[in-house]
Amino acid sequence: MSVQSIVDQVSWIKRPQGQDAQADRSLTDTVSAIIERVKAEGDEALKAFSQQFDKVVPAQFEVTAHEIETALSEMDPQTRRDSEFAIQQVRRFAEAQLATIQPLEVETLPGVHLGHRIIPVQTVGCYVPGGRYPILSAPVMSIVPATVAGCEQIIACLPPGAHPAMIAVCHLAGAHRIFKIGGAQAIAAMAWGTESVPVVDKIVGPGNAFVNEAKRQVFGKVGIDALAGPSEIFTIADDSADARIIAPICWAQAEHDVHTRVGWRPPASRLPRACLRKSNAS
């Protein structure tokens with residue numbers, strides 16, 4: 001079956017934004033200019049981009065101890081319990097995973113020693129998306145494994161307009177320093193350093209198209225985890241499935257980016273529209 005014949009069978013309930021080759025080239029150029037300006041101007045460039053993209057310039061980029069205490073005190077109790085549970089679960093798996101990774105040294109011939117050592121990344125930068133919605137799982141996924149690995153310094157960057165609960169979860173997950181810097185400029189700051197932000201050895205964490213492109217461009221200067229997204233999720237279910245369960249699973253992916261693809265496989269004729277109604281009502 002050809003790709004076109006498959007596309008012809010698709011019934012769109014709500015069509016996602018399409019890819020645009022010209023827009024992709026423009027994105028590459030825009031991100032390159034952001035990186036170069038941050039390299040040249042440091043914090044002054046971060047202030048300008050914060051005003052341009054986030055419409056706010058923090059009094060200082062690094063989150064203070066008082067701001068962390070306030071974020072924790074104002075955090076919804078159930079949200080905190082849920083976040084701490086998630087942190088415990090991720091830490092539990094990361095610790096079990098680390099236990100399987102052991103150093104090795106073997107003398108294959110007299111005087112010939114082969115092996116490997118387990119050495120944590122010294123300084124890691126965790127990008128935490130959350131400009132549109134508070135994605136509380138994001139800092140858990142990137143920061144907790146870094147704490148288990150034994151990284152000496154864990155830096156977190158999140159958009160200045162992010163919900164205070166995001167700051168709280170960054171702290172609970174184990175970030176040593178948190179900065180209110182978002183987008184491609186945050187990636188540039190962590191890769192090249194500014195007056196406020198230290199240079200990191202590796203950058204991890206998901207983000208939008210600008211963040212993803214920035215990670216691609218700084219790779220080599222620093223390490224990165226992967227180039228992620230846009231997300232795709234495909235649900236195979238019939239009309240007996242509960243839209244209250246399926247819809248949040250789809251939202252969790254759809255919130256990542258306007259290019260996210262959310263699909264359903266027939267015979268679930270009722271389910272997609274029921275999920276969309278749930279989404280519009282929330």
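Predicted model: local features only at pLDDT ≥ 70, side-chain atom pairs only at ≥ 80, totals over all residues.
Local features need pLDDT of at least 70 and side-chain atom pairs count only at pLDDT 80 or more, while totals for chains, interfaces and linings use all residues. Residues are numbered from 1 along each chain as its sequence is written, and side-chain values use heavy atoms, with hydrogens and water left out.

Five strands form an open sheet with parallel pairing, in the order β5-β4-β3-β6-β7; strands (E, at least two residues) and helices (H or I, at least four) are DSSP runs numbered from the N terminus, and two strands pair if DSSP finds at least two bridges between them. At the edges stand β5 (177–180) and β7 (223–224), each with a single partner strand, so one side of each has no neighbour in the sheet. Strands β3 (residues 123–127) and β6 (residues 202–204) are joined in the parallel sense over 3 bridges, and Gly125 has Ile203 as its bridge partner in β6.

Helix α4 (residues 65–73) has Ile68, Ala71 and Leu72 buried, where buried means under 20% relative accessible area, exposed over 50% and partly exposed in between (1.4 Å probe, protein chains only). Seen down the axis, the buried residues of α4 fall within an arc of 100°, so they line one face of the helix; the arc is that of the directions from the helix axis to the C-beta atoms. His66, Glu69 and Ser73 are exposed on the other side of α4. The cover over its buried residues includes α5 (77–99), α7 (164–173) and β5, with contact meaning heavy atoms within 4.5 Å.

Salt bridges, defined by a side-chain nitrogen of Lys or Arg within 4 Å of a carboxyl oxygen of Asp or Glu, number 8. One of them joins Glu41 and Arg37 at 3.1 Å, N to O; both residues lie in helix α2 (residues 21–41), 4 residues apart. Another, at 2.7 Å, joins Lys215 and Asp225. This pair links distant parts of the chain, with Lys215 in helix α9 (residues 209–218) and Asp225 in the loop between β7 and β8 (232–236). Lys215 is buried, at 2% relative accessible area, whereas Asp225 is partly exposed, at 39%.

Finally, Trp192 has the charged end of Lys39 over its ring, 4.1 Å from the centre, and Lys221 lies over the face of Trp192 at 4.9 Å. The criterion is NZ of Lys or CZ of Arg within 6 Å of the ring centre and within 35 degrees of the ring normal.
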